[in-house]
Amino acid sequence: MTKWVYTFGDGTAEGNSALKNLLGGKGANLAEMCNLGLPVPPGFTISTEVCTAFYENNRNYPLDLAQQVNDALIHVGKLAGCGFGDAKNPLLVSVRSGARASMPGMMDTVLNLGLNDITVEAMAALSGNPRFAYDSYRRFITMYSNVVLDMEHHNFEDILEEFKDSKGFTLDTELSADDWKHIVSAYKECVSRELGKPFPQDPHEQLWGAIGAVFGSWMNARAIKYRDLHAIPESWGTAVNVQAMVFGNMGETSATGVAFTRNPSTGTKELYGEFLINAQGEDVVAGIRTPQDITEAARIAAGSTKPSLEVTLPDAYKELVRIYGLLEKHYRDMQDLEFTVQQGKLWMLQTRNGKRTAKAALRIAVDLANEGLITREEAIQRIDPAALDQLLHPTIDPKATRAVLSTGLPASPGAATGQIVFTSEEAEQAVKEKRKVILVRVETSPEDIHGMHAAEGILTTRGGMTSHAAVVARGMGKPCVSGAGAIRIDMLNGTMTAGGKVLKRGDFITIDGSNGQVLNGEIAMLQPELSGEFGHLMEWADASRRMKIRTNAETPLDARTAVKFGAEGIGLCRTEHMFFEGDRIIAMREMILADDEKGRRAALDKLLPMQRSDFIELFEIMKGMPVTIRLLDPPLHEFLPHEPKEIQEVAEAMGASPEKLRLRALELRESNPMLGFRGCRLAVAFPEIAEMQARAVFEAAIAAGKSTGAIVTPEIMVPLVMTKAELDLVKARIDAMAKKVGEEHGMTLPYQVGTMIELPRAALKAGEIAHSAEFFSFGTNDLTQTTLGISRDDAGSFLGSYKARGILAEDPFVTLDQEGVGELVKLAAERGRATRPSIKLGLCGEHGGDPASIAFCESVGLDYVSCSPFRVPIARLAAAQAALGKVTKAEG
């Protein structure tokens, strides 16, 4: 018989943390805490295998599951000293999801299950607190009706708010037991009216309804969206955790809270979190009441007048501190804890590795290594390279004037400017219109995840530091200000009022998630500077990696930025980008319009000093580090105007005939320019272009060598080669120019000539081409296009469908297609090295900044990858992880 259900409680468990795939993260960690002897309410976990079977069998459960669940309920009841459905001493349970990957807010939860018209009276009698019993019952009806019966929350919120208004109440805690009895009756009437049947009273019917809702929620829209954003496979499924209830709403000695063992925003080693007296778990994250700080230090820092847990419930606080130290040492990572205090006794409901910002992740990893809990190699592997993007976003210029509208909680660091939108749908639409927006909400819910993903930042008027908005924004690396209670939102009229100003939809605001400020208008930003823990981790990463990291750059700004981020040279300088400005474009057009070689050379003579000065600056910035310069690559027609008005304007500026310009543009026009007259084909047809560029490179290398004192060895790259004969023809011109410039300066010039491998034929004939090429750089943008037969510019119309249907796991222009394009790279590397063992191999497509693609490059032994400047830190870390053997998401 297959075991579907695993129990835990009273210091023992049938599972442990190693069974995360089977029991889900929550179930595995509950079992582990039990095994550690921590106070955990007893319960049981229905494994992820049931979820898989449920969907494989048309949403039917395994036949023997019901008996195993009943047996587990009896076991839990014995440990808790009560019985499920017992009219006099009822066991109440919570039902929660728990996938192997943490998915905060994505799955549905039900608390207080087992309450009905009979057991609520038993709870009132046993506790001596009817108010607590009926408060719990109304919460259960609300949650169960929403999660299981698919009723909207507002049905119940409206009833409660109208009742509170009629009584002059503001807070839920002001309602008496009789008030809650009245609310419960109204809630049940609402369910009967909306659904045409009464609220279920049978606890077993309630339980199976909740179990089904958890499994069903694995496939709800927000869970699917979250999995898509975080690359979580649908096949993993979710577990269901059924656990005896402990109650934080039993009076002033009861509480519920969320805590992190280190600050999830900054990484500081401090107990960080929030709690509420006389409340249940959803109250803390829902933002209905403003939470209180756990420590006195945090309360003082926040300027709060509400007492901390440390002062209010000192014994429970001391126990929490003891447990958090034990758990962090056991798991060797920062923990995210959920707890309840029932009449003074602390109970642990969850521990998991806490989500954190990239800034916090860096500090925590470095600190844990320095504390001896983990090794430096483990610290390197703890950081998601892509998450470093969070550190590379602008912050507000300290010199800028801040027109502060309001201040909330600094829920997720960083700053963002955008136009106000009030709904997630508006945010998504704005992105399609290329507008940057700030999503402004009273509070967010899991249904807002698509809008949060689309927005530059999130602002909420309710909610604390562990609210849905805060947790999700931190995970996404987006700035968030939560709990800005002084702001009033008018959804009907599309306005928000703050600091005496009325702002409407479309107005610009800026949020600073590092200090909680909401600012009027667009504000100047500063680019980030990486230091401190980042520097330590990068030093460790650099010591661990084998591959070099270069950058794609052709402007001084890009080159300097890349060097600041740790680039070890330029792997791709696209020289055509240097020809599109001012006098350069005019000279370029003169060259294209020339009737003969003499005319072309005259125009190229004008371009030579411009190219030379560009290269000198790049060589000086790189100070002897390698620089790979690609010869002119794009089709010539890209430099010419095509519209009649543009042709007239350009002709006048050049003193040329508009008709000649029009005819030349027409003559150069191609049906498929990506496969047309470009790359080395230009150098073959017009060798004078390659000669001019080669002279500029060599003269610049000599000048930069003198100014910096560093030997400059330029790498000249011939693009789009498909045969050795092409490369030989162009290389001969480059070699001749090197000899000529060397003789002019009385020296022998060091340099290398290589080629881009960006055509399948070049990859197949790499062994032959390597006789002439001293290096290969895999241009995987074009190699992907030519191998898959997909245009990068047009693929957006169908790639989404291909991913949704499982034909492609990832966008092949983002993550390298290892089975197809990767096979060509591997083959070319092997054949190239067989001919020339010392050949230098690199990759310079967009894939050079993608962690999964970098791992592949390590596996085939490439010498370097080259990426955009802001992805250099990502590539450095990913290359270290690849060298250490970490499996990336795309691989495993």
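Predicted model: local features only at pLDDT ≥ 70, side-chain atom pairs only at ≥ 80, totals over all residues.
Trainee: What volume does the largest cavity have, and which residues lie nearest its centre?

Mentor: Its volume is about 100 Å³. The lining of the largest cavity is made of 13 residues, and Arg96, Met245, Val246, Thr340 and Leu349 lie nearest the centre. If you like to think in elements, strand S4 (93-99) and strand S6 (238-244) each supply at least two residues of that lining. Sorted by class, the lining of the largest cavity has 5 nonpolar, 7 polar and 1 charged residues.

Trainee: And the second largest cavity: which helix gives the most to its lining?

Mentor: That's helix H5 (residues 130-147), with 4 residues. The second largest cavity has a volume of about 90 Å³ and a lining of 11 residues, with Arg138, Arg139, Asp172, Thr173 and Arg289 nearest its centre. Split by class, you get 2 nonpolar, 2 polar and 7 charged residues in that lining.

Trainee: Now a pocket. How much space lies in the second largest pocket, and which residues lie nearest its centre?

Mentor: About 660 Å³ of space lies there. You'll find 28 residues in the lining of the second largest pocket, with Asp633, Arg678, Asp782, Gln785 and Arg792 nearest the centre. Both S26 and helix H30 (780-788) supply at least two lining residues each, and H30 gives the most, with 3 residues. By class, the lining of this pocket divides into 8 nonpolar, 8 polar and 12 charged residues.

Trainee: Let me try a single residue. Where is arginine 574 found, and is arginine 574 buried or exposed?

Mentor: Look in strand S26 (residues 570-574). Arginine 574 counts as buried because its relative accessibility is 19%, and the cut-off for buried is under 20%. Leave aside the neighbours within four places in sequence, and arginine 574 is in contact with Asn552, Glu554 and Arg630.

Trainee: What about the nonpolar cores? Which residues have the most contacts inside the largest one?

Mentor: As a rule, in soluble globular proteins, nonpolar side chains tend to be buried together. Here, the largest nonpolar core has 101 residues, and those with the most contacts inside it are Met588, Phe615, Phe619, Phe698, Val718, Ile734 and Phe776. Helix H26 (residues 687-708) contributes the largest share of this core, 11 residues. A second, separate core has 69 residues, including Ala72, Leu91, Met123 and Leu160.

Trainee: Which residues does phenylalanine 615 touch?

Mentor: Not counting residues up to four places away in sequence, phenylalanine 615 touches Cys573, Thr575, Met578, Ile629, Gln693, Ala696, Val697 and Ala700.

Trainee: On to the rings. How many aromatic pairs does the count come to?

Mentor: First, the idea: a pair of aromatic rings is described by the distance of the centres and the angle of the planes. The count here comes to 16 aromatic pairs. One of them joins phenylalanine 54 and tyrosine 55, edge-to-face, at 5.2 Å centre to centre with 85° between the planes. Phenylalanine 54 counts as buried because its relative accessibility is 5%, whereas tyrosine 55, at 27%, counts as partly exposed. Another edge-to-face pair is phenylalanine 579 with phenylalanine 639, 6.5 Å centre to centre and 65° between the planes. That pair links distant parts of the chain, 60 residues apart: phenylalanine 579 sits in the loop between S26 and helix H21 (582-593), and phenylalanine 639 in the loop between strand S27 (627-630) and helix H23 (644-654). Both phenylalanine 579 and phenylalanine 639 are buried.

Trainee: Which residues form one aromatic cluster?

Mentor: Phe54, Tyr55, Tyr61, Trp208 and Phe215 do.

Trainee: Last topic, the backbone. What is phi at asparagine 112 and at asparagine 278?

Mentor: Most residues other than glycine have a negative phi, and most peptide bonds are trans. Asparagine 112 has a positive phi of about 65°, and the phi of asparagine 278 is positive too, near 55°. Asparagine 112 belongs to strand S5 (residues 110-113) and is buried, with a relative accessible area of 0%. Asparagine 278 lies in the loop between strand S8 (272-277) and helix H10 (281-286) and is buried, with a relative accessible area of 11%.

How values were computed. Residues numbered from 1 in each chain as written. Heavy atoms only, no water. 1 Å grid on protein atoms, 1.4 Å probe; cavity = no way out; pocket = protein on both sides within 12 Å on 5 of 7 lines; lining within 4 Å. Points joined across faces, edges and corners; volume = space filled by probe spheres on them. Nonpolar A, V, L, I, M, F, W, Y, C, P; charged D, E, K, R; others polar. Buried < 20%, exposed > 50% of the residue type's maximum accessible area, 1.4 Å probe, protein only. Contact = heavy atoms within 4.5 Å. Core = buried A, V, L, I, M, F, W, Y, C linked by side-chain atoms within 4.5 Å. Phe/Tyr/Trp six-rings, centres within 6.5 Å; stacked < 30°, edge-to-face > 60°.
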